[in-house]
Amino acid sequence: ITQSTWGRLDCEMESLASKKLEKFKTEEEKKGVIYISRVPPFMKPEKLRHIMEQWGEIGRIYLTPEDKTNRNKRVKSGGNKKVKYTDGWVEFFEKSVAKSVALTLNGTTIGGKKRHNFFRDDIWSMKYLPKFKWHHLTDQIAHANRVRDQKLKTEVAQAKRENQFYLDKVEQSKQISKMEEKRKKRKREDGIDVENEAAVEKGIRRTFMQRTEVVDGTRWNRRSATNNHIYTN
């Protein structure tokens with residue numbers, strides 16, 4: 001293959017890629033997205049797709065699963081073990097269909113057959129998102145994941161610091177206790193009353209009222225014994 005042939009092939013491939021890109025952009029521009037602020041309890045994406053397909057051709061669906069902590073609490077308390085979703089997005093291939101669905105269904109009951117229809121009496125809560133495309137949602141989810149990961153890292157680091165601070169204080173307390181025991185041991189060996197000394201250091205002092213005394217033949221009342229302090233443990 002000559003160099004000119006390679007050049008012609010490159011031009012054709014670039015032209016083909018450009019056409020595909022334009023076609024993709026045109027198709028994406030035609031699509032519309034609705035936001036469901038409240039997904040009926042325990043409704044699965046497959047069930048939601050089945051309901052929405054009755055109105056028009058569906059593209060992608062994304063439902064936000066509930067927090068794992070909330071689900072674990074519900075299961076432990078004997079509640080439903082099924083996965084619950086909080087909100088979601090549905091992509092229609094036609095903007096007009098998405099607008100019509102949001103306008104028609106919002107605020108109405110899901111309805112359907114009475115038999116084996118768990119969602120019959122639930123109410124739709126949805127709206128059409130103008131100028132909103134699916135890549136906006138993926139960017140939003142990616143950003144939320146990054147924020148969540150960063151928050152988790154911060155909380156873990158904070159927990160480590162608090163734990164280390166606690167361990168340092170415990171170790172410091174042990175060292176102080178050992179030093180205090182050694183000091184008391186040395187004083188006992190020197191014949192010093194450690195317990196009485198500790199009471200004096202703490203300032204534990206009690207004052208007792210005195211009875212009437214006779215001094216040099218004269219009776220008088222001593223109201224307090226501030227000059228006769230007794231130190232107790």
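How many bridges pair β1 and β3, and in which sense do they run? Some friendly notes follow.

1. Starting with that pair: β1 and β3 are joined in the antiparallel sense, over five bridges. Two strands count as paired if DSSP finds at least two bridges between them, and strands (E, at least two residues) and helices (H or I, at least four) are DSSP runs numbered from the N terminus. Please keep in mind that this is a predicted model, in which local features need pLDDT of at least 70, side-chain atom pairs count only at pLDDT 80 or more, and totals for chains, interfaces and linings use all residues. Residues are numbered from 1 along each chain as its sequence is written, and side-chain values use heavy atoms, with hydrogens and water left out.

2. The sheet is open and has four strands in the order β2-β3-β1-β4, with antiparallel pairing. β2 and β4 are its edge strands, each pairing on one side only. From one strand to the next the twist averages 20°; axes here are lines fitted to C-alpha atoms, for helices over the stretch in contact, and angles run from 0 to 180 degrees between N-to-C directions.

3. β3 deserves a look of its own. Five bridges also join β2 to this strand. F92 in β3 is the bridge partner of G32 and of I58, while V33 stands opposite E91. Seven of the eight residues of β3 are buried, so the strand is largely enclosed by the rest of the structure; buried means under 20% relative accessible area, exposed over 50%, and partly exposed in between (1.4 Å probe, protein chains only).

4. α4 lies across β1, β3 and β4, at about 155° to β4.

5. Finally, L48: beyond its neighbours within four places in sequence, L48 is in contact (heavy atoms within 4.5 Å) with I36, M43, I61, L63, V90 and W124.
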